[in-house]
Amino acid sequence: MNHPSFEDLSSFVDKELPDWRMEEIEKHIEGCPACKETLETMLLIDRGVRESYREFDTHTFAVEVMEKIRPAPVRRYNFRLKLATIGLAISLIFGVSLGIVRDLYRGNLDRGKQQLISQHNIISSGDMGVIFISSR
Amino acid sequence: MKLKRYREENEVELIRLAQKGDERAFEEIINRYSNRVINLATQIMGSRDEGWDVAQEVFISIWKNIKSFDTTRNLYPWIRRITINTCYEELRRRKRDRETSLDDVEEEEPSIDIPDETYLPDDNFSKIELKEVIEKAFETLPEHYRVTLWLRVVENLTYEEIAETLNINIGTVKSRINMARKLMRDRLKSYLEVTDESS
């Protein structure tokens, strides 16, 4: 039997060949040091690759992921702060508006009073005039 | 529920709890699969730091989509698919960014798709452990060879499963694994020759 190709040996390592071919290659390897060496190198490579698997700090990893998933408490605080600021602003606006309205109302009252007084004066002076005219 | 109980809980129950929004259950899912996800992401991205970062994106994506997961299926193949998609998406995004800026292309290191033949000077070979040499040779393989071999050797997938996972045909899987081993053997050859001569 001819030497199996590198690709065939690779598929042999992965058990991805039909049974008859697997048996054929297996028999060949037993009597062929060159193919045996290639096969051993492949197995060495596979072992090395498997050993490059690392153990990571999964706890830290999970904590970091959960921090990104959970709504941050700072944001909640900001939201509350925002809400409080809006509330305060509304109360201020309301308070100031109330004051203005009250002042306006008072101002109108005063003006009304003054108007009444001045009207009264006119009437009085008119009366005086009438009195003055009539006395002449 | 106490933390210990989550650790003892079976996978389906954990998924169901996570689907209802139970963060502790999801944290337990992360604890169970993060090592495999970070390792796989590291192979695709080419560095541990990037693998770590992309793996976080993977779990955020899983959390967002966990409600749509069918509990009659195994969880890890779904996670693996999301990991591969997220990594390639990130690599594509980076490629786009590089293309938009010519200056960046000049400044950045060569793409991980380009095999680096000068990974170690020959003189140092005999001083370094075989394990490290294999690891280094594996790290410097082109990304598509590295990922395919990883899925075969570490994740223990068949050629058919790899083809399905990477959305390529079986012939491509076979030739990629073959090429990966060939390149690794060529790189190892120099090391083995040097150690044989010195012994």
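Where pLDDT is low, the predicted coordinates should not be read in detail. For chain A as a whole, the mean pLDDT is 84, and 82% of the residues reach 70 or more.

Chain A has five helices and zero strands, so that its pattern, read along the sequence, is α-α-α-α-α. Of its 136 residues, 13% count as buried. Chain B has 10 helices and, again, zero strands, and its pattern along the sequence is α-α-α-α-α-α-α-α-α-α. Buried residues make up 31% of the 199 residues of chain B. When the contacts of chain B between residues at least 6 apart in sequence are taken together, 59% of them join residues at least 24 apart.

The contact between the chains draws on 28 residues from chain A and 30 residues from chain B. On the side of chain A that touches chain B, the helices α1 (6-13), α3 (33-51) and α4 (58-69) each supply at least two residues. By class, the residues on that side of chain A are 11 nonpolar, six polar and 11 charged.

One of these helices, α3(A), packs against two helices of chain B, α8 (residues 143-153) and α7 (residues 130-139). With α8(B), the axes come within 10 Å and cross at roughly 90°, which means that α3(A) is roughly perpendicular to α8(B). Asp46(A), Val49(A) and Arg50(A) of α3(A) make this contact with Leu149(B), Trp150(B) and Val153(B) of α8(B), a set that holds four nonpolar, no polar and two charged residues.

With α7(B), the axes of the pair lie 9 Å apart at an angle of about 80°, and therefore α3(A) is roughly perpendicular to α7(B) as well. Here Ile45(A), Gly48(A), Val49(A) and Glu51(A) of α3(A) meet Lys131(B), Ile134(B), Glu135(B) and Phe138(B) of α7(B), and the residues of this contact divide into four nonpolar, one polar and three charged. Val49(A) is named in the contact with α8(B) and also in the contact with α7(B).

| Helix pair | Axis separation | Angle |
|---|---|---|
| α3(A) and α8(B) | within 10 Å | roughly 90° |
| α3(A) and α7(B) | 9 Å | about 80° |

Within chain B, helix α4 (residues 48-65) has 18 residues, which at 1.5 Å a residue should span 26 Å, and its end C-alpha atoms are 25 Å apart, in agreement with that expectation. The buried residues of α4(B) are Gly51(B), Trp52(B), Val54(B), Ala55(B), Gln56(B), Val58(B), Phe59(B) and Ile62(B). What covers these buried residues includes α4 of chain A, together with α3 (23-45) and α5 (75-100) of chain B.

Elsewhere in chain B, Arg16(B) belongs to helix α2 (residues 11-19). Arg16(B) counts as partly exposed because 16 other C-beta atoms lie within 10 Å, a number that falls between the 12 or fewer of an exposed residue and the 20 or more of a buried one. Although Arg16(B) and Lys95(B) belong to one chain, 79 residues apart along it, their C-alpha atoms are separated by 38 Å.

Terms used. Residues are numbered from 1 along each chain as its sequence is written. Chains are lettered from A and ligands numbered from 1 in the order in which they are written. This is a predicted model: local features need pLDDT of at least 70, side-chain atom pairs count only at pLDDT 80 or more; totals for chains, interfaces and linings use all residues. pLDDT is the predictor's confidence in each residue, from 0 to 100. Helices (H or I, at least four residues) and strands (E, at least two) are DSSP runs, numbered from the N terminus. Two residues are in contact if their C-beta atoms, placed from the backbone, lie within 7 Å. Ala, Val, Leu, Ile, Met, Phe, Trp, Tyr, Cys and Pro count as nonpolar, Asp, Glu, Lys and Arg as charged, and the others, Gly among them, as polar. Axes are lines fitted to C-alpha atoms, for helices over the stretch in contact, and angles run from 0 to 180 degrees between N-to-C directions. Angles under 35 degrees count as roughly parallel, over 145 as roughly antiparallel, 65 to 115 as roughly perpendicular and the rest as oblique. The expected span of a helix is 1.5 Å times one less than its number of residues.
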